[in-house]
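Here is a protein chain to explore. Start with one residue, then step back to the whole.

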Amino acid sequence: MKKRILVSTAAVLLFLSTVSFKSDFFEIAKQIEIFTTLFKELNMNYVDEVNPSELMDAAIEGMLSKLDPYTKYWTEQEVEDARINNTGEYTGIGASVLTRNKKIIILEAYKDYPADKAGLQAGDELLKIGDITIADFNSDAGDLLQGAPGTSIPISFKRQGSIKQTTLKREEIDIKAIPYYSLIEGTIGYVVLSKFNKKASEETAEAISQLKSEGATSIILDLRGNPGGLLTEAINVSNLFIPKDRVITTTKSVIEKYNQEYRTQNEALDIQIPVAVLINGRSASASEIVSGSLQDYDRGVIIGARSFGKGLVQRPKELTYGTQLKVTISRYYTPSGRCIQALDYWNRDEQGNAIRTNVEDYNEFKTAAGRSVYDGGGILPDVQIESAQLSAITEALLMDQAIFDFATDYYYKHTYERISDFKFTNADYISFKNFLIKNGFEYQTQTEKELEQSYIRADKDDLQEEISAAYASLMKTIDVAKKQQLDLKEKEISNLIIDELVKRYFYRDGLYEYQIKHNEEIAQAIAILKDSKRYSQILKL
């Protein structure tokens with residue numbers, strides 16, 4: 001009797017799963033057929049000539065826009081760019097660039113690489129690469145900078161209104177995961193980990209070993225601004241401080257094969273050395289796996305500002321003609337069980353924007369020592385530094401490139417031969433505010449967006465006329481408050497301006513040297529690592 005029941009149950013399950021599969025398959029096939037016939041008719045009958053490739057790209061982008069922003073369609077070139085980013089090796093000019101609106105702007109020329117040797121500087125706008133005028137080039141103009149090592153190419157560029165010429169010689173570029181490390185005050189090792197490419201854990205281990213040989217008895221691991229990268233490297237970097245066979249992260253999905261547990265595979269480099277980890281609002285993904293795992297095991301003190309909150313895992317899927325789909329397959333969780341994803345892309349507001357998890361909805365978890373930690377909003381530092389945070393106005397300034405543009409203007413008006421001579425004064429900050437006014441900088445707060453939507457909806461309810469005066473008054477009050485934010489967030493904004501300026505004068509090495517002496521997060525990390533009692537109290541050791 002039992003056997004018959006089991007067989008019947010299995011048959012029901014098989015029937016249901018088969019029906020479900022057939023139902024999904026039919027729906028997918030139906031929608032593909034509709035789209036194919038629509039695409040064909042559109043291309044054959046539209047009043048003007050259309051570009052099938054551009055139409056299809058727009059259709060793909062439109063479909064993916066309904067999901068999270070990390071699920072992306074990659075062209076052949078974007079696939080190659082991703083490979084370069086993960087390996088850290090490519091042939092090019094050794095500079096970060098901004099490609100937007102048919103313009104290429106140099107964001108940073110790395111010291112002693114081709115762009116730097118050719119005299120290019122941050123803020124330069126490339127006008128012509130070889131015989132091709134960038135404004136007339138319809139594809140990604142950044143592709144023009146790549147080529148075989150040793151080849152040269154003439155460049156025409158604009159700097160402060162003047163047109164200049166130079167010649168670039170391409171080289172093989174090796175992007176370091178660890179751009180800088182140094183011994184501070186004789187016993188504290190400072191290591192900057194800028195990205196999680198395939199060399200990240202190897203370079204981090206080498207840097208820490210070298211610093212220990214020089215006398216380091218504690219480590220500051222700087223993950224500020226690190227956007228993440230390879231999951232395996234995040235596991236391996238955590239493994240430098242956490243013993244073998246410990247869970248670092250788990251991934252969970254509705255698709256069972258993506259439910260995985262990732263453990264440390266090797267013996268740790270050092271399980272005793274005190275560690276301070278620096279994070280901020282631009283530390284994401286793999287950075288959050290490392291900082292989250294060290295926090296959950298009480299293996300290090302986390303210092304700075306709440307991290308970005310990217311708890312989604314992507315995997316590339318091969319498509320035809322060398323293209324790929326980078327698709328979100330799961331969420332990752334720290335050892336204590338918390339998911340640090342901050343934005344909910346599956347339950348959006350009325351404007352279609354992803355909803356940020358509210359503080360009151362955070363769930364409490366416990367570290368190995370019993371400390372309370374919470375999910376839903378990135379990694380919250382054990383020691384928070386107010387000036388390390390990114391407020392709404394700061395985010396807007398960064399998005400608008402306002403700080404970058406001011407730094408370019410400032411750079412050509414001031415000269416500093418030595419880093420010790422550099423100073424950013426209150427008068428300079430006033431100049432920055434005047435620069436914003438002159439250039440018409442504006443931004444819209446979330447409050448303004450929601451009020452505007454409410455005002456628009458009021459028209460449908462025949463209430464707009466009655467509330468128009470109150471609406472105008474509220475918007476005026478918000479505008480005044482926004483202007484005050486420039487003063488209230490002066491320290492936060494000034495720190496970012498200073499970072500951008502120091503890079504202009506003294507490259508990245510100069511920036512790190514300057515921060516060691518002047519940065520509040522680093523100063524706090526040094527103070528905690530030098531005070532063993534306070535270090536233990538924070539971690540409840």
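Begin with Asp-116 and its neighbours. Leaving aside residues up to four places away in sequence, Asp-116 touches Ala-109, Tyr-110, Lys-111 and Tyr-507. Contact here means heavy atoms within 4.5 Å. This is a predicted model, in which local features need pLDDT of at least 70 and side-chain atom pairs count only at pLDDT 80 or more, while totals for chains, interfaces and linings use all residues. Residues are numbered from 1 along each chain as its sequence is written, and side-chain values use heavy atoms, with hydrogens and water left out.

Where does Asp-116 sit? Asp-116 lies in helix H4, residues 114-117. Helices are DSSP runs of H or I with at least four residues, strands are runs of E with at least two, and both are numbered from the N terminus. Is Asp-116 buried or exposed? Its relative accessibility is 16%, so Asp-116 counts as buried. Buried means under 20% relative accessible area, exposed over 50%, and partly exposed in between, with a 1.4 Å probe and protein chains only. Leu-168 is 52 residues from Asp-116 in sequence, yet their C-alpha atoms are 9.3 Å apart in space.

Now step back. The chain has 15 helices and 23 strands. Its radius of gyration is 26 Å, close to the 24 Å that the globule rule gives for 541 residues, so the chain is as compact as a globular protein of that length. That radius is taken over C-alpha atoms, and the rule is 2.2 Å times the number of residues to the power 0.38. Of the 541 residues, 42% count as buried.
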